[in-house]
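Let's walk through this one together, with the structure open beside the text. We'll follow a few residues and see where they lead.

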Amino acid sequence: MLDLKFVRENPEIVKQNIKNKFQDSKLGLVDEVIELDAKNRAAKKEADDLRANKNKIAKQIGALMGQGKKDEAEEMKKQVAEQSARLAALEEQEKELGDKILKIMMTIPNIIDPSVPIGKDDSENVEVQKYGEPVIPDFEIPYHTEIMERFNGIDLDSARKVAGNGFYYLMGDIARLHSAVISYARDFMINRGFTYCVPPFMIRSNVVTGVMSFAEMDAMMYKIEGEDLYLIGTSEHSMIGKFIDTVIQEEELPKTLTSYSPCFRKEKGAHGIEERGVYRIHQFEKQEMIVVCKPEDSKMWFDKLWQNTVDLFRSLDVPVRTLECCSGDLADLKVKSVDVEAWSPRQQKYFEVGSCSNLGDAQARRLKIRVNGQDGKYFAHTLNNTVVAPPRMLIAFLENNLQADGSVRIPEPLRPYMGGMTEIR
């Protein structure tokens, strides 16, 4: 969420940013919120003046009563009563205007970083760099669920009966591989200085609206019926929420956390849920990383975060590339985002396995995450990135480590988490 003062003083910058994100339907919101803000400030000034005047009259009434001038005092009491009625109306007006302003401000997108390429959607994202040599083997790579089924490692039919499409049973060595990847990712991030955390898997509505836009919430979140609770779509939600309404001492920054959680997503929209695969599903597990830092450090941390994901995938012999998200592909709160994509030998193309985002002070402003610095309080910057999400990671891992005889090679770093196995047969 932007600073209202910034919008008021820089309306053309805000409008151009909206155009850059191809959200022209929101252009009118800028003038509307500035007008509402002017009315709100006028109402607030009048209310403040009335309160000051009431206090002044109250003292005069006391003096008149002390002098025995009851009639004059009664006349002044009438003035106070009239002003009290007006003040109550103004306070109600302030609340109504404040609610309208907040709703609009939470809809106006964040100012994107100048380095973000301008484009309408993900088809215009820009490749930054490739890591590792993509390999196309001289044998056929089956669909990922077929590879898993060869090891009796997945049961989609039973899951469909139990929960519907978008769910799965992982079994045997494939289930073990899933857990091994998560455990390896956890230790990988701990070794890079991050504090491990297992967060709440449900969050309240004020945290939901603090960490994402209304459109994202509607497309992603499952609400618990009869409760002010939502299932998290990623542990970033509750991890950033951990700092809600706090003042952090500047010397305590940065806060660097890595978290494990299950994730639950509606997956509404054009992509939909897969019938056969585990690429887009309702439930999965993930290792995440988040950073809360000083504004001047957020660019440095952004580059460190996506590099962590690249390094993890490369340590498991999976070729990847980084992709700069264009303006039209950025969620409203994001300043800048880089996707990490893994190589698929079967499809002979890359596919997304993680996303790194710098949100500037947008989440901190919504959640009131402040820093106490030498020159006073200011809003922190927040960042997040996927370390690994095993359903997608399993696809990349199995395809890139499949051998001609149908076995799957286990890279050395993962072997301690697989009981010393060098391959799955």
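Predicted model: local features only at pLDDT ≥ 70, side-chain atom pairs only at ≥ 80, totals over all residues.

**A serine and its polar partners**

The side chains of S355 and D339 are joined by a polar contact of 2.9 Å. A second polar contact, at 3.5 Å, links the side chain of S355 to that of S337.

S355 sits in strand β13. Is S355 buried or exposed? Its relative accessible area is 17%, and the cut-off for buried is under 20%, so S355 counts as buried. If you skip the neighbours up to four places away in sequence, the residues in contact with S355 are K334, S337, V338, D339, N384, N385 and T386.

E352 is partly exposed, with a relative accessible area of 27%. Setting aside residues up to four places away in sequence, E352 touches Y279, D339, V340, E341 and R392. D339 therefore turns up again: it is on the contact list of S355 and on that of E352, by the within 4.5 Å criterion for contact.

An unreviewed UniProt entry lists R265, K266, E267, E352, V353, G354 and S355 under "binding site". Let's pick R265 from that set. R265 is in the loop between β9 (255-264) and β10. The side chain of R265 reaches the backbone oxygen of G233 at 2.9 Å. Leaving out neighbours within four places in sequence, R265 is in contact with M220, Y222, G233, T234, I281, H282, F284 and K286.

**From the loop into the strands**

One place to look is S259, whose bridge partner in β10 is E288. β10 also pairs with β16, again in the antiparallel sense, through seven bridges. There, Q287 stands opposite V388 in β16. How many residues of β10 are buried? Nine of its eleven are, which makes the strand mostly covered.

As background, nonpolar side chains tend to be buried together in soluble globular proteins. Here, the largest nonpolar core has 58 residues, and L177, L312, F313 and L414 touch the most other members. Several elements supply at least two residues each to this core: α5 (144-150), α7 (172-190), β10 (283-293), α11 (298-315), β12 (336-344), β13 (349-358), β16 (381-388) and α13 (390-401). The largest share, eight residues, comes from α7.

Ignoring neighbours within four places in sequence, F313 is in contact with V318, V320, A342, V353, V387, V388 and M393. V353 in that list is also one of the residues in the UniProt "binding site" entry. Apart from this core lies another, of 24 residues, among them M217, F243, L257 and L367.

Now go to α7, where V181 lies. V181 is buried, with a relative accessible area of 1%. Not counting residues up to four places away in sequence, V181 touches V388, P390, M393 and L414. V388 and M393 are on the contact list of F313 as well. Along the chain, V181 and G210 are 29 residues apart, and their C-alpha atoms are separated by 30 Å.

Elsewhere, three strands form an open sheet with mixed pairing, in the order β8-β14-β15. β8 (246-249) and β15 (376-379) stand at the edges with a single partner strand each, so one side of each has no neighbour in the sheet. From one strand to the next, the twist averages 35 degrees. β14 (residues 369-373) and β15 run antiparallel and are joined by four bridges. V371, for instance, has Y378 in β15 as its bridge partner.

Last stop: helix α6 (residues 156-163). D155 caps its N-terminal end, with a side-chain oxygen 3.3 Å from the backbone nitrogen of D157. Just after α6, G164 takes a positive phi of about 100 degrees.

Conventions. Residues numbered from 1 in each chain as written. Heavy atoms only, no water. Core = buried A, V, L, I, M, F, W, Y, C linked by side-chain atoms within 4.5 Å. Buried < 20%, exposed > 50% of the residue type's maximum accessible area, 1.4 Å probe, protein only. Pairing = 2+ DSSP bridges. Axes fitted to C-alpha atoms, helices over the stretch in contact; angles between N-to-C directions. UniProt positions renumbered as here; feature names shortened; annotations may be inferred. Polar contact = N/O pair within 3.5 Å; in protein donor to acceptor, adjacent residues only side chain to side chain.
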